[in-house]
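Dear colleague,

I am handing over the structure below, followed by notes on what was found in it. Please read the notes with the coordinates open beside you.

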There are 2 protein chains.
Amino acid sequence: MSVEKFIRKPLSEWMKQELPEHDIVISSRIRLARNLRNLPFPLLAVDSQAEEVIQTFESLLKREPLPGLGKLELFRMDQLSALEKKVLVEKHLISPQLAEESRKGAIIISENEDVSIMLNEEDHIRIQCLYPGFQIKEAWQKANLIDDWLEKELDYAFDERYGYLTSCPTNVGTGIRASVMVHLPALVMTKQINRILVAMNQVGLTVRGIYGEGSEALGNLFQISNQITLGQSEEEIIDHLNNVVRQVIDHERSAREMLVGSMRLQLEDKIHRSFGILSHARTIESKEATARLSDVLLGVDLGMIKNIPPAELNELWVMLQPAFLQTYFSENLSPEMRDERRATLIREHLNKYKNR
Amino acid sequence: MSVEKFIRKPLSEWMKQELPEHDIVISSRIRLARNLRNLPFPLLAVDSQAEEVIQTFESLLKREPLPGLGKLELFRMDQLSALEKKVLVEKHLISPQLAEESRKGAIIISENEDVSIMLNEEDHIRIQCLYPGFQIKEAWQKANLIDDWLEKELDYAFDERYGYLTSCPTNVGTGIRASVMVHLPALVMTKQINRILVAMNQVGLTVRGIYGEGSEALGNLFQISNQITLGQSEEEIIDHLNNVVRQVIDHERSAREMLVGSMRLQLEDKIHRSFGILSHARTIESKEATARLSDVLLGVDLGMIKNIPPAELNELWVMLQPAFLQTYFSENLSPEMRDERRATLIREHLNKYKNR
């Protein structure tokens, strides 16, 4: 039993299929926060109590696997190297908090990585389902299934009035966080993005850039998620998110059409130059690579770049991150060497397709 | 008899061979200024007198071709379109002054374009020999041969004390301007170029950037030529230029070695990015194209880019210029269309080699 296979490959095979709205929605994720009634929440738990949470799951996994979920494997954070943990963070399988701060953290991962369950993070249990493309409802169904299974086996901290109890009051109630990662290059280029971010806040959704520092959205990737967990059912929360994201998708498509109509040449030039640089550079920083990859992905989606499957680019996106790059090359790399290896990796990936 | 063939092709075949110091010296040129004794200099000549100069050459060309020079063709400026004249300027076969200002200008071009004789420019006769690579002595031998032939046939304005008389006093004496076009990217990158430009001025040579406005040297191309025409023999002038250029070549080579030794990765990155952009851009301005072509040429010279003959790049250099681009596509193009066509042309040229 080794974490190796989750570390080596940037994406599971099943994530590479063509999926609904995959040209704009990179992935859909559900996270459910749960706690056990008879133990203090992780922040207050002593090591032996946190250990009890892990052991509860270890025996549960041995006793009764959930049908249809495949093999589930449990890894304790203190078994993993710093680098292995970083890769799991970059793949969004665990949170930075679990990797860095949890004393007694553990992660359960399903074979094809669509399900991960964090133990002893902010809450005892965090069920996560991550699906590629726009599949937030499918992700919810899977998360709900796992939640029902666990609820049968475990005694959840639940209050008739407030719902599921959580460490942080912002999660109380349904304990659900539904989020969708979207690629919005045209809304950024046409400077409509800020208006849309404000509008989404007004309807109770949170948006943040991915991979960027602060408000800067590297690679034009944004994560849209619900703010409210209390006073609405899970289905209402997901329906609302689903509807708003559909509108965002429509806006992004209109912006793309407008760009293609009004400045096709400039757009093609930008896209192809980014492809030219990615397929030829000898050293490249993560920030630039991510921005140029966004251009290329847009080019693939618009049919301006042919013969590259979008999944290949999604894969590169993960591979570009620093820790993944280190495990990929099995070395502890200086930033300069990382930039060089990153450029090599990108070239090798893109040149597979260039000559077709 | 048509100027067509001199307009269509950017470089004659013979210019594409591998030549001495061709990685640094693009071309070598000799220009001799001569005037006829019995006619006023062009600035003062009336049309009928300028016409006499042309007719003198027309009958000379019919009567007695110079052995070994192949066919010589004469074109009057007023027979050529504005665009055709611009291309001849971009190919350095005629001066901008002959193209734009001369009322009764004409040009005689040899079959392989190594010899061109301008009539009624600043002087009655300007013999030019343009050779690729570092062949300033060979160019001088050819120019001298033509000069001897013409001197037998014509009555030159010559003074026993001052030598050949010319319109501008800076040309009096030998009437010679010997110049060498050099590609000095490493001296520019290492910021040694200014010191070298000053030093060349101190030893009586003039240096100016090519294709740039004012002192800016686009594409890191510089033309080095003699300032002094009086008080030295042609051989002394050429030997001096030759020796100084040899030193410049040595300096450029040392600078290249230093760059490769101390920042190979950055240099490779710059070179390959320029190649990636040139081979993928959909629109590109002349200025950027020239700068990036300089990077690629350096890459070819250093063996970092393989399979592209340097002559192909020299050819592209000429093709990038605005008027050539217009004749190549047989259209009168707006600047925007020109940038697009330029990008297309470059892509087509480089992609011939990319997949080898």
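How many salt bridges are there between chain B and chain A? The count is two, where a salt bridge is a side-chain nitrogen of Lys or Arg within 4 Å of a carboxyl oxygen of Asp or Glu.

Before the details, please note that this is a predicted model, in which local features need pLDDT of at least 70 and side-chain atom pairs count only at pLDDT 80 or more, while totals for chains, interfaces and linings use all residues. Residues are numbered from 1 along each chain as its sequence is written, chains are lettered from A and ligands numbered from 1 in the order in which they are written, and side-chain values use heavy atoms, with hydrogens and water left out.

On the side of chain B that touches chain A, α8 (234-278) and α12 (335-354) of chain B each supply at least two residues, and the largest share, eight residues, comes from α8(B); helices here are DSSP runs (H or I, at least four residues) numbered from the N terminus.

The two chains bury about 1,600 Å² between them, 61% of it on carbon and sulfur atoms, buried area being the accessible area (1.4 Å probe) that two parts lose on being put together, summed over both. In chain B, the residues that lose the most area to chain A are B:Arg273, B:His280 and B:Arg282, together 37% of what that side buries.

Within chain A, helix α9 (residues 286-301) and helix α10 (residues 310-319) pack at an angle of about 170 degrees, with their axes 10 Å apart, and are therefore roughly antiparallel to each other, a label for angles over 145 degrees. Helix α2 (residues 47-63) and helix α5 (residues 136-153) of chain A pack at about 105 degrees, with axes 12 Å apart, which makes α2(A) roughly perpendicular to α5(A), the range for that label being 65 to 115 degrees.

Best regards

Note on methods:
Axes fitted to C-alpha atoms, helices over the stretch in contact; angles between N-to-C directions. Parallel < 35°, antiparallel > 145°, perpendicular 65-115°, else oblique.
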